[in-house]
Amino acid sequence: MPTNLWKSFEGLLPTDPLLIVRVVAHNVDGTSTVEFPNGTRMRARGQGVAVSQTAFLRGGELRGPAPDITPVELEV
């Protein structure tokens, strides 16, 4: 049976979105408290980004530092 190349390609893509958050605090259990642009906070795994810096978040885990950006809302 022939391989469906599109399905193979989709299998390589991540399923969780890549989000940008600001690190608010490092916790003693190895997690970090992060804040989304709308003010919502959550705990994320990892402490690889300094407090008050922006970070990439995927699947509940800090993935590394992110560039500082100003959130913009566009109405279409």
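Lysine 7 forms a salt bridge with glutamate 10, with 3.8 Å between the closest N and O atoms, and in this predicted model the two residues both lie in helix α1, 3 residues apart, which is about one turn of the helix. Lysine 7 is exposed, with a relative accessible area of 54%, whereas glutamate 10 counts as partly exposed at 34%.

Tryptophan 6 is exposed, with a relative accessible area of 54%, while phenylalanine 9 is partly exposed at 40%.

Salt bridges, of which the count comes to 5, also join other parts of the chain. The side chains of arginine 22 and aspartate 68 meet in one of them, at 3.8 Å from N to O; because arginine 22 lies in strand β1 and aspartate 68 in the segment after β5 (61–65), this pair ties together parts that are 46 residues apart in sequence. Aspartate 29 forms another with arginine 43, where the closest N and O atoms are 2.9 Å apart, and this pair links the loop between β1 and β2 (31–35) to strand β3 (residues 41–45).

Leaving aside neighbours within four places in sequence, alanine 44 is in contact with residues including Val34, Leu57 and Leu62.

Methods
Residues numbered from 1 in each chain as written. Predicted model: local features only at pLDDT ≥ 70, side-chain atom pairs only at ≥ 80, totals over all residues. Heavy atoms only, no water. Buried < 20%, exposed > 50% of the residue type's maximum accessible area, 1.4 Å probe, protein only. Contact = heavy atoms within 4.5 Å. Salt bridge = Lys/Arg side-chain N within 4 Å of Asp/Glu carboxyl O. Helix = DSSP H or I, 4+ residues; strand = E, 2+ residues; numbered from the N terminus.
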